[in-house]
Amino acid sequence: GLFAWTRDWRRFPVRVPQGAFLVQSGMQLERLTGGRVLDGFHEVVLTEEAAGKVRQAIAECRSHWRTSTTVFGHTASDELLEPRGPFTTEDARRRYPPIEAGAQVLEEIRAIEIMGPSSTLDGSRA
C-alpha cells in the first residue's frame, strides 16, 4: 500500500513493476539540484488489496512476508548544501540558501518532533 502525492496534493497509488527498483529523492538532493529534482511525499498503509494478498498467501501455505529495504543517502554533515553545477541559478540560490547538511537534518528532525526543540546533533542540549 504505497501512496505518493503530486505537487498539487493529489494522492495516487504507486505501482512498481516486477524487477524494478524505486528510488525516492529527498530534501538534500532537492537543494543540490536547485529544485530540479523535488523531494517526494509518500505513505505506506495496509490496503484491502494488500490484506487480500496476505490472506491468499496464507490460504495457499505461501509466505506472506513482504520485504522492504530502506536506504537513506545523506551528504556528510559538514558539507554545504546549495545548488551545484548547472543547477546554480539566481532563482535556485534564492530558494535554497546554503546550509550545512547536518544543520538541515537537525531542522527536519525538529520539524517532525523526533527530538526536543533545543537538542543538538550529538544528542546534548543546546
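Okay, before anything else, a definition: helices here are DSSP runs of H or I with at least four residues, strands are runs of E with at least two, and both are numbered from the N terminus. With that in hand, the elements of this chain run β-β-α-β-α-β-α-β-α from the N terminus on. That gives four helices and five strands.

A quick word on what you're looking at. This is a predicted model, where local features need pLDDT of at least 70, side-chain atom pairs count only at pLDDT 80 or more, and totals for chains, interfaces and linings use all residues. Residues are numbered from 1 along each chain as its sequence is written, and side-chain values use heavy atoms, with hydrogens and water left out.

Now, how much of the chain is buried? Buried residues make up 21% of the 126 residues. By buried I mean under 20% relative accessible area, with exposed being over 50% and partly exposed in between, using a 1.4 Å probe on protein chains only. As for contacts, meaning heavy atoms within 4.5 Å, take those in the chain with a separation of 6 or more: 46% of them are between residues 24 or more positions apart.

Let's go to helix α4, residues 101-111. Its buried residues are Ala101, Gly102, Gln104, Leu106 and Ile109. What covers them? The cover includes α1 (27-32), β4 (80-81) and β5 (99-100). Just after α4 comes Glu113, with a positive phi of about 60°.

For background, most residues other than glycine have a negative phi. Trp9 is in the loop between β1 and β2, and counts as exposed because its relative accessible area is 52%. Cys61 is in the loop between α2 and β4, and at 75% relative accessibility Cys61 is exposed too.

That loop between α2 (48-59) and β4 also holds His74. Why does His74 count as exposed? Because its relative accessibility is 54%. Beyond its neighbours within four places in sequence, His74 is in contact with Gln28 and Val105. His74 and Val105 are 31 residues apart in sequence, but 9.0 Å apart in space, C-alpha to C-alpha.

On to Glu30, in helix α1. Glu30 is buried but has no salt bridge, and the nearest side chain of opposite charge, Arg7, is 4.8 Å away. For charge, Lys and Arg count as positive, Asp and Glu as negative, and His and the chain ends are not counted. A salt bridge needs a side-chain nitrogen of Lys or Arg within 4 Å of a carboxyl oxygen of Asp or Glu. What Glu30 does have is the backbone nitrogen of Asp39, 2.9 Å from a polar atom of the Glu30 side chain. Leaving aside neighbours within four places, the contacts of Glu30 are Gly35, Val37, Leu38, Asp39 and Tyr96.

So who does Arg7 pair with? Its salt bridge is with Asp39, with the closest N and O atoms 3.6 Å apart. This pair links distant parts of the chain: Arg7 sits in the loop between β1 (2-5) and β2 (11-13), Asp39 in the loop between α1 and β3 (42-44), 32 residues apart. Arg7 is partly exposed because its relative accessibility is 44%, while Asp39, at 10%, is buried.

How many salt bridges does the structure hold? Ten. Another one joins Asp8 and Arg10, with the closest N and O atoms 3.1 Å apart. Then there's Glu43 with Arg11, at 2.8 Å, N to O. Glu43 lies in strand β3 and Arg11 in strand β2, so this pair ties together parts that are 32 residues apart in sequence. Both ends are partly exposed: Glu43 at 26% and Arg11 at 43%. There's also a network, where salt bridges that share partners join Arg15, Glu49 and Lys53.

Last stop, the second largest pocket, with a volume of about 180 Å³. Of the 13 residues lining that pocket, the closest to its centre are Ala4, Gln24, Gly40, Phe41 and His42. A pocket here is an open set of points on a 1 Å grid over the protein atoms alone, where a 1.4 Å probe fits, with protein on both sides within 12 Å along at least five of seven lines; lining residues have an atom within 4 Å of a point. Points are joined across faces, edges and corners, and the volume is the space filled by probe spheres set on them. Which element gives the largest share of the lining? That's β1, with four residues.

Note on methods: Polar contact = N/O pair within 3.5 Å; in protein donor to acceptor, adjacent residues only side chain to side chain.
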